[in-house]
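Trainee: Please pick one part of this model and take me through it closely. I would like to see how its side chains sit and what they touch.

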Amino acid sequence: SYDLTDADLEAAFEDVGPVKRGFVITDKTSTEFKKRGFGFVWFAIESDAHRAVELMDGKELKGRKISVDLAIKSSDPNRKQTIEQSKAEKKQQRKSTKNDTQSE
């Protein structure tokens with residue numbers, strides 16, 4: 001939802017693990033600070049970030065389905081490869097979940 005606050009984002013992810021900080025990205029060129037539809041969450045424990053991808057990806061937050069993935073620094077020399085690998089893993093995970101649901 002575009003009315004999601006930083007506090008809402010942090011609260012949504014606190015069940016996964018201790019959150020250091022969460023914030024929603026806004027368009028700084030606008031005088032209204034219009035929200036851009038995505039944000040970032042930093043966890044106190046790195047493994048919680050990985051669990052957040054597993055537990056929160058595809059969930060609804062304030063009426064909108066969210067996509068959760070790990071952020072990769074733009075200075076990482078393997079960034080493109082890491083992004084592609086992450087996408088492939090998420091796609092495989094979705095297929096597996098879909099197959100599990102259909103077989104029940």
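**A close look around the aromatic side chains**

Mentor: Let's start with W42, which is partly exposed, at a relative accessible area of 44%. On this scale, buried means under 20% relative accessible area, exposed means over 50%, and partly exposed is what lies in between, with a 1.4 Å probe and protein chains only. Before we go on, please keep in mind that this is a predicted model, in which local features need pLDDT of at least 70 and side-chain atom pairs count only at pLDDT 80 or more, while totals for chains, interfaces and linings use all residues. Residues are numbered from 1 along each chain as its sequence is written, and side-chain values use heavy atoms, with hydrogens and water left out.

W42 sits in strand β2; helices (H or I, at least four residues) and strands (E, at least two) are DSSP runs, numbered from the N terminus. Together with F38 and F40, W42 makes a nonpolar surface patch with about 290 Å² of accessible area. Such areas come from the Shrake-Rupley method with a 1.4 Å probe, and for residues only the protein chains shown count as cover. Patch members have over 30% relative accessible area and no salt bridge; like charges are joined within 9 Å, and nonpolar side chains (Val, Leu, Ile, Met, Phe, Trp, Tyr) within 5 Å. A salt bridge here is a side-chain nitrogen of Lys or Arg within 4 Å of a carboxyl oxygen of Asp or Glu.

Now for the rings. Rings of Phe, Tyr and Trp (its six-membered ring) pair if their centres lie within 6.5 Å; planes under 30 degrees apart are stacked, over 60 edge-to-face, and the rest tilted. The structure has four aromatic pairs. One of them joins F13 and F43 edge-to-face, with 6.3 Å between centres and 70° between planes. This pair bridges distant parts of the chain, since F13 belongs to helix α1 (residues 6-13) and F43 to strand β2 (residues 35-43), 30 residues apart. F13 is buried, at 5% relative accessible area, and F43 counts as buried too, at 11%.

The pair of F23 and W42 is stacked, because the ring centres are 5.4 Å apart and the planes meet at 15°. F23 is in strand β1 (residues 19-26) and W42 in strand β2, so their pairing ties together parts 19 residues apart in sequence. F23 is buried, with a relative accessible area of 17%, whereas W42 is partly exposed. F23, F40 and W42 form one aromatic cluster.

G17, in the loop between α1 and β1, touches F43 and D48, leaving aside residues up to four places away in sequence; contact means heavy atoms within 4.5 Å. G17 is buried, at 8% relative accessible area. The C-alpha atoms of G17 and A49 are 8.3 Å apart, although 32 residues separate them in sequence. D48 lies in helix α2 (residues 46-56) and is likewise buried, with a relative accessible area of 8%. Under that same exclusion, D48 touches V16, G17, P18 and F43.

Finally, the wider setting. The chain has three helices and four strands, running α-β-β-α-β-β-α from the N terminus. Of its 104 residues, 23% count as buried. Among contacts with a separation of 6 or more, 40% come from residues 24 or more positions apart.
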